[in-house]
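Here are some friendly notes to read alongside the structure. Please keep the view open and follow the points in turn.

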Amino acid sequence: MMEEKLTYESAKSELTAISKEIESEEISVDQLAVKVKRASELIEFCQAKLKNTEAEVNKIISGMENSGNQ
Amino acid sequence: MEPQQYIRLSALNDMIHDTISSRFEGQRFWVLADITNHSFKADKKIHYFELVEKAQNGNAITAKMMGKSWGGGAVRIEEFEKNTGQTFTNNLHVLVQVSVDYHPLYGLSVSVLDIDSNFMLGILEQQRNATLERLVRENDYILKEGEGYSTYNSRLQLAAVIQRVAVISSSSSAGNEDFRHTMQHNDFGYDFQIDDYYTVVQGDNNAKLFLNKLIEIYNTGIPYDAVVINRGGGSQSDFLIFDNYNIGRAVAKFPIPVITGIGHQKNVSIADLMAHTHTKTPTKAAEFIIAHNRSFELGILALQQNIVIKSQQLFHVHYKELSELKNAISRSARELIQLHGKELIRTNHQIISSSRAVLYGHQKKLMVTAHQLAQSPRMLFERQKNDLGNIKNNIKNASGEYLRHEKLDLEYHQKSIQVMSPQNILRKGYAIVKTNGKIISSAGNIEAGHEIEVIMKDATLKSTVKEKIQYDGRKTNL
């Protein structure tokens with residue numbers, strides 16, 4: 001489902017756009033479920049990306065600290 | 001000829017010895033002189049030399065005396081060397097305390113009993129200042145800045161990390177061993193490449209060798225991060241090589257940063273002043289390099305720490321942002337649904353109430369129509385009845401009128417007919433002419449001899465035409 005090109009930034013800006021759309025009630029009920037579903041996918045994507053990145057960064061950092069303490 | 005009176009040379013020398021002893025015995029003199037022809041017997045610790053005095057202008061020697069020093073004098077010389085950093089050697093202008101000796105075998109000489117360090121220091125200081133002034137004067141890359149000096153070398157930027165080091169020292173230097181040991185056993189596990197360039201690091205006359213080493217380092221093409229000049233503090237004599245003009249100049253313009261670790265307690269040497277960084281001992285030079293690298297590592301560690309903290313903060317921000325977005329979307333989606341629901345209910349109500357209104361309107365209209373419908377036949381009947389009555393009256397009136405009119409008309413026609421009836425006309429004098437039983441009005445077909453009937457009011461006259469007279473178009477002249 002997630003396009004290969006999707007980046008965290010683009011996902012987030014899409015999310016923000018959806019949020020604004022819904023908030024400003026520009027969205028039609030026909031579209032609502034689709035948009036909310038899309039939003040939940042994007043949120044899932046972003047969270048996964050964040051978690052992965054965080055895990056990776058922590059791994060790198062602990063690697064740095066270990067090599068620093070040799 | 002009487003044989004000449006003579007004495008043995010030894011007797012003469014004894015006389016001279018006695019004379020000199022009686023004159024100079026126990027006396028000491030402070031003498032200002034230059035040293036030449038110096039030699040030192042290290043095993044017996046005896047200095048041999050000549051004291052000379054040169055003419056004020058030029059180098060012509062105007063006075064000369066053999067000299068030596070041993071025992072207490074040699075010890076004083078050693079102290080002098082330690083105090084001044086100046087080797088007791090040729091061409092030294094010194095203030096020495098001497099006693100005058102005469103030896104039958106070795107002749108007249110002076111023994112140096114003491115030597116004035118302060119006098120030497122004064123001279124050295126003058127020389128040093130002169131050398132420094134000359135360095136600044138003759139080399140545009142050497143500038144005096146306050147108490148210190150800025151040189152091409154001191155303005156070089158040290159590499160962020162110093163790893164490849166060329167070291168100039170004497171091969172036997174304990175100080176250099178200290179340097180190597182400190183470098184190789186540093187607490188942080190830094191690796192160094194240390195290349196030794198051995199030379200003689202004492203004696204002003206060895207300056208040329210020292211300079212060649214610097215050139216050799218440059219010519220290797222090895223990209224050294226620093227050149228370290230080491231000399232241990234073990235022997236406190238003769239640091240004057242480091243006050244040498246040419247060495248100072250070479251250090252000042254050397255393209256690799258020079259770090260000095262020249263162990264001496266006295267004032268800083270000119271080489272130190274011209275170098276990038278000067279430290280007091282080889283060990284301190286090593287510590288400086290390690291500290292320099294350590295500060296780089298600390299900088300890196302601080303960056304690392306910063307990255308850790310900042311990335312955690314960044315993650316926190318993003319997680320928060322994401323969850324806010326999530327909440328906002330689900331909240332506003334629910335709100336939107338509610339809103340639409342409410343709108344739907346409102347619309348529903350509106351439809352109900354407006355459809356009721358429509359129904360009511362139609363019902364009302366229907367009732368009105370029904371009412372009207374109920375009313376109208378009677379009116380129609382009434383009107384029809386009226387119309388009918390009217391018509392009846394009209395007919396009644398009109399027929400009477402018509403009959404009367406017709407009667408009048410009839411009467412008129414009756415009268416007209418009575419007036420024009422043949423009886424009436426006959427009565428008025430007119431007669432009817434018939435031929436062959438038919439009434440005629442023209443005499444066209446009547447000719448003389450024809451039988452005609454003339455009917456009159458009271459009789460018919462059967463007659464024969466005697467003559468026909470034509471009227472020629474004129475009216476009947478009655």
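Which residues does B:Leu135 touch, not counting residues up to four places away in sequence? The answer is in point 2, after a word on the model.

1. **Ground rules.** This is a predicted model, in which local features need pLDDT of at least 70 and side-chain atom pairs count only at pLDDT 80 or more, while totals for chains, interfaces and linings use all residues. Residues are numbered from 1 along each chain as its sequence is written, and chains are lettered from A and ligands numbered from 1 in the order in which they are written.

2. **B:Leu135 and its contacts.** Leaving aside residues up to four places away in sequence, B:Leu135 touches B:Ile142, B:Tyr245, B:Gly248, B:Arg249 and B:Ala252. Here two residues are in contact if their C-beta atoms, placed from the backbone, lie within 7 Å. B:Gly248 is 113 residues from B:Leu135 in sequence, yet their C-alpha atoms are 7.7 Å apart in space.

3. **Buried or exposed?** B:Leu135 counts as buried because it has 22 C-beta neighbours inside 10 Å. The cut-offs are 20 or more other C-beta atoms within 10 Å for buried, 12 or fewer for exposed, and partly exposed in between, with C-beta atoms placed from the backbone. Across chain B, buried residues are 22% of the 478 residues.

4. **The helix pair.** B:Leu135 belongs to helix H3 (residues 117–138) of chain B. H3(B) packs with helix H6 (residues 245–253) of chain B at an angle of about 40°, the axes being 10 Å apart. That makes H3(B) oblique to H6(B); angles under 35 degrees count as roughly parallel, over 145 as roughly antiparallel, 65 to 115 as roughly perpendicular and the rest as oblique. Axes are lines fitted to C-alpha atoms, for helices over the stretch in contact, and angles run from 0 to 180 degrees between N-to-C directions.

5. **Who meets whom.** From H3(B), B:Thr131, B:Arg134 and B:Leu135 meet B:Tyr245, B:Gly248, B:Arg249 and B:Ala252 in H6(B). The residues of this contact of H3(B) with H6(B) divide into three nonpolar, two polar and two charged. In this scheme Ala, Val, Leu, Ile, Met, Phe, Trp, Tyr, Cys and Pro are nonpolar, Asp, Glu, Lys and Arg are charged, and the others, Gly among them, are polar.

6. **The parallel sheet.** Chain B has nine helices and 16 strands, which are DSSP runs (H or I, at least four residues, for helices; E, at least two, for strands) numbered from the N terminus. Five of the strands form an open sheet in the order E9-E8-E10-E11-E12 (chain B), with parallel pairing; strands pair if DSSP finds at least two bridges between them. Strand E8 (residues 164–169) of chain B pairs with strand E10 (residues 226–231) of chain B over four bridges, and B:Ala166 has B:Val227 as its bridge partner in E10(B).

7. **The antiparallel sheet.** Another open sheet has four strands, in the order E14-E13-E15-E16 (chain B), and its pairing is antiparallel. Neighbouring strands of this sheet are turned by 35° against each other on average, direction ignored. Strand E13 (residues 432–435) of chain B and strand E15 (residues 451–455) of chain B are joined by three bridges, and B:Lys434 stands opposite B:Glu453 in E15(B).

8. **Between the chains.** How many residues does each chain bring to the contact? Chain B gives 19 residues and chain A gives 22 residues. On the side of chain B that touches chain A, 12 residues are nonpolar, six polar and one charged.
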